[in-house]
Amino acid sequence: MGRVIQPFEFVEPSTIDEALGLAAAEGSRLFAGGCELVLSMRRGEVRYRRLVSIMGVGGLGGFRAHPKHGLEFGAQVKIRQLANHIWVGKRWAALHEAIEQLHPPHIMNMGTVVGNLCSAVPYYDLPTSLYAHRAVIRIGDGRSDRELPIDDFYIGPRMTALGRGEMVTSIFVPPPLADAGSAFKKIYKARRRSNDLHKINAAAYVALDADKETIVDATLVIGSVGAKPVRIAKAETVLRGQSAGHAAYEAAAEIAAKAVEPMTDAAWVEEIRSEWIRLLARDVLEQAASRARSRHDPAEDAHLAF
Amino acid sequence: MARQIGSFKINGRVREAIIEPQMLLVDVIREKIGLTGTKRACASGNCGACTVLVEGLPVCSCLTLAITAQNKDIRTVEGLRAADGELHPLQQAFIDHCASQCGFCTAGMLMSATALLEANPRPTRDDVNRGLSGNVCRCTGYVKIVDAVLDAAQKIVAAREVTA
Ligand SMILES: Cc1cc2nc3c(=O)[nH]c(=O)nc-3n(C[C@H](O)[C@H](O)[C@H](O)COP(=O)(O)OP(=O)(O)OC[C@H]3O[C@@H](n4cnc5c(N)ncnc54)[C@H](O)[C@@H]3O)c2cc1C
Ligand code: FES
Ligand code: FES
């Protein structure tokens, strides 16, 4: 266990322009809550000459959650702020569940949601849940903003679509339809070696028609199976228009298990992991639909939102 | 590189120490400020032995750069005891229930439990399990720790009702 981190310079700019200018230099890196960076520096996996804290930059701390207008949070928003918010729990249940199951809970008080996404670590949970909610990433370069659907944010193993001189300024999560629900689940085993592939997570979003009988829209995402979460487009298409029942979820789960070839560390593991995918896909769809069925029009309690 | 004087508000007192940007909060608390109650074990955020409260919330001091914790309200296990030396009800309950064996996890457990009881003075057994889920103990098997926290919670609430 390495005890020391190699020395670096730590700067705390106050504007986005300044921060991006400082971070553009070779060996520099943006720094938010720091849990990811400190751990990987301490392990000696990465080394930086300069860390540029964004926690003092103006305009990155915004947070708004409204059942009709959506969820929006800036790059400084700690996971804890979302965990404590009633609307996140009610309307963005998959995200809420992913947060609730973070281990250890201390991380909620230290890390930012944006930092979790930008780490691009394949086995993290929050990206999977935000895929299900079809989040939009807002990227700034100090002058203008561009928006990217989360599906296009990861371009390879540990790689995001962020260009040099760009950062994520905020994330927007659209409001779910009136009769919609979502869910997140994960399965993991104890790791025996540090490179064990130990986890699979899944998230779903299901929207029903006004009679709550027919599926009108669905998202199904499996994570921790490759470089980035995978949306099961074929299952989503099959679900649309079907009557909301057990058979539909079983069929979709079967498609998911066939569609994903999870990375594995040993041959015998593949079979198990495919079964995990099937079970998780079935259960998140079932739970999301059950939540969709049991909720009432958010407009009725929208006045409580602020 | 860049040595500077860091100013920390620990347990209500301002303490200064010479720090460098790469120093971890746990090392500064233990080695520079001399409060060795906080422990460093895994240094990877997995065990909770290094738990301290920053602005009232548990964080892993092993994953926190000291430089970022300046001028924030930090509490360590040394701050639990009252000024007159009387133990905090949680500390007393840990003794009464034999909830500490080797003691390496105890400081972290006490800090997570403190944050839990401040947010939720009447926790259920489940609440305590969840509140302590980031703290690992290799000795006790947890039952006594949870018993102790529940007992302390009752005593704190009862004492408050007497004074009210
Ligand atoms: C012990 C431990 C357990 C964990 N368990 C889980 C878990 O169970 N599930 C889960 O999903 N996650 C887990 N995490 C991940 C954790 O949620 C993230 O590490 C944390 O949220 C990262 O946020 P941060 O603010 O600390 O990021 P930092 O460490 O500050 O930054 C992380 C990366 O993102 C970049 N970055 C940060 N902000 C921006 C920005 N605005 N624009 C561009 N790039 C940026 C940084 O340059 C860096 O590369 C765990 C982490 C630890 C240390
Ligand atoms: S030493 Fe910090 S969590 Fe283990
Ligand atoms: S008492 Fe030994 S680790 Fe908990």
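Select chain A to begin: of its 306 residues, 53% are buried, where buried means under 20% relative accessible area, exposed means over 50%, and partly exposed lies in between, as found with a 1.4 Å probe on protein chains only. What you have open is a predicted model, in which local features need pLDDT of at least 70 and side-chain atom pairs count only at pLDDT 80 or more, while totals for chains, interfaces and linings use all residues. Residues are numbered from 1 along each chain as its sequence is written, chains are lettered from A and ligands numbered from 1 in the order in which they are written, and side-chain values use heavy atoms, with hydrogens and water left out.

Stay with chain A and colour it by secondary structure, which shows 11 helices and 14 strands; these are DSSP runs numbered from the N terminus, with helices (H or I) of at least four residues and strands (E) of at least two. Among the contacts in chain A with a separation of 6 or more, 64% are between residues 24 or more positions apart, a contact being heavy atoms within 4.5 Å.

Next, show chain B beside chain A. The contact takes 29 residues from chain B and 26 residues from chain A. The size of an interface is often given as the accessible area lost when the parts come together. Here chain B and chain A bury about 2200 Å² between them, with carbon and sulfur atoms giving 63% of it; this buried area is the accessible area (1.4 Å probe) that two parts lose on being put together, summed over both.

Now select Arg130(B) and Glu100(A), which form a salt bridge whose closest N and O atoms are 2.8 Å apart; the term stands for a side-chain nitrogen of Lys or Arg within 4 Å of a carboxyl oxygen of Asp or Glu. Between chain B and chain A there are also five residue pairs in polar contact, both residues at pLDDT 80 or more. A polar contact is a pair of N or O atoms within 3.5 Å; within protein, one must be able to donate a hydrogen and the other to accept it, and residues adjacent in sequence count only if both atoms are side-chain atoms. On the side of chain B that touches chain A, the elements giving two or more residues are α1 (25–32) and β4 (57–60) of chain B, and β4(B) gives the most, with four residues.

Turn to chain B by itself, which is divided into domain 1 (4–79) and domain 2 (89–163), with bounds that come from an automatic or database domain assignment. The centres of the two domains of chain B, taken over C-alpha atoms, are 22 Å apart, and their contact takes 16 residues from domain 1 and 13 residues from domain 2. About 1100 Å² is buried between these domains of chain B. Select Lys39(B), Thr51(B) and Val77(B), which supply 37% of the area that domain 1 buries against domain 2, more than any other three residues.

Finish at Asn120(B), which lies in the loop between α3 (106–119) and α4 (125–131) of chain B. Is Asn120(B) buried or partly exposed? Asn120(B) counts as partly exposed because its relative accessibility is 23%.
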